[in-house]
Amino acid sequence: MDGLGEFLQSRRAVLRPEDVGLLSYGERRRVSGLRREELAQLAGVSVSYYIRLEQGQSQNASDEVLAALARALRLSETEREHLFTLARPGSPLPYRERPEVERVRPGVRQLINAMGEVPAVVLGRFGDVLAWNRMGHAFLAGHVDPARADRPQDRPNKVRMLFLDAHMRELYVDWLDKARESVAYLRMLVARHAGDPKLAELIGDLCVGSPEFARLWANHEVSECDPHVRRFQHPLVGRMTLTQEVMRPDASDQLFLSWTPEPGSPSEAALSLLSRATLF
């Protein structure tokens, strides 16, 4: 089964007949979620065609069919975009033509260094830390050598640390929510960067090293990396509630992340204490 088929099957499995207005009459069902026949009926396509599509035997689904499937599956806008990306895989830039080393523009680096007490980092397309300011390092990974971000072969990877580094796990109070979002974002990147060996290596390492990652990966959930409010338990200054803001320099897959507290809140005081405690 290909990526498109696996995604369709996973979304079909989480829907119940009553979720989409179908009557089940209390019969015993041998499958979780919607049957293929039920989804085909809702989307207005033949059962045989849908089965071929889910099994990867039909590569030319029209936009109208994909839109109908998205409606029938109650997909979010992000999931709908992912569905079309899987069904219309582009021709990625040959890897030999990609820059060997991801870099941060000097202006972006100057910006994060000028942000004072605001933690800020720039992540590469697959979560490598390309740059962080003093507070970004102290907030996320004070136990890691800050100079690693400047060594391309030794850069910390935020997703890898989330699952395999005890300090990072303890930082997030709602760790499972953060883990689920990170895996869902990686899922979306796989469709955008099909066949990228670096991404494949990262996912393979995480599937082997973390049963939790492997379980979440099998869910086929997708989501963007969006702004949100999250609770943290920092080893030096304790509990903080911070708002994560997300920007994309140059409309690329690099992510510019920053974390700020509510003005006048205990979290603002805690972040200020962290700044004073980590001056160098």
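**Rings, strands and helices in a predicted model**

In this predicted model, the charged end of R125 sits over the ring of F126, at 5.8 Å from the centre of that ring.

Reader: Which residue lies over the face of W217, and how is the ring of W217 arranged with that of F213?
Author: The rings of F213 and W217 have their centres 5.7 Å apart and their planes at 15°, and because planes under 30 degrees apart count as stacked, this pair is stacked. F213 and W217 are 4 residues apart in helix α12 (residues 211-217), so about one helical turn separates them, and both of them are buried. The residue that lies over the face of W217, at 3.9 Å from the ring centre, is R187.

Reader: What is the order of the strands in the sheet?
Author: The protein chain has 13 helices and 5 strands, and 5 strands form an open sheet with antiparallel pairing. The edge strands, each of which pairs on one side only, are β2 (129-132) and β3 (228-234), while neighbouring strands of the sheet are turned by 30° against each other on average, direction ignored. Read across the sheet, the order is β2-β1-β5-β4-β3.

Reader: Which residue is the bridge partner of F232 in β4?
Author: Strand β3 is joined to strand β4 (residues 238-247) by 7 bridges, and these two strands run antiparallel. In β4, the bridge partner of F232 is M240.

Reader: Which residues do ring pairs link into a cluster?
Author: The pair of Y172 and F232 belongs to a cluster linked by ring pairs, whose members are F139, Y172, F232 and W259.

Reader: At about what angle to β4 does helix α13 run?
Author: Helix α10 (residues 175-192) lies across β3, β4 and β5 (255-260), and runs at about 125° to β3. Helix α13 (residues 266-277) also lies across β3, β4 and β5, and its angle to β4 is about 90°.

Conventions: Residues are numbered from 1 along each chain as its sequence is written. This is a predicted model: local features need pLDDT of at least 70, side-chain atom pairs count only at pLDDT 80 or more; totals for chains, interfaces and linings use all residues. Side-chain values use heavy atoms; hydrogens and water are left out. Two strands pair if DSSP finds at least two bridges between them. Axes are lines fitted to C-alpha atoms, for helices over the stretch in contact, and angles run from 0 to 180 degrees between N-to-C directions. Contact means heavy atoms within 4.5 Å. Rings of Phe, Tyr and Trp (its six-membered ring) pair if their centres lie within 6.5 Å; planes under 30 degrees apart count as stacked, over 60 as edge-to-face and the rest as tilted. Buried means under 20% relative accessible area, exposed over 50%, partly exposed in between (1.4 Å probe, protein chains only). A charge sits over a ring if NZ of Lys or CZ of Arg is within 6 Å of the ring centre and within 35 degrees of the ring normal.
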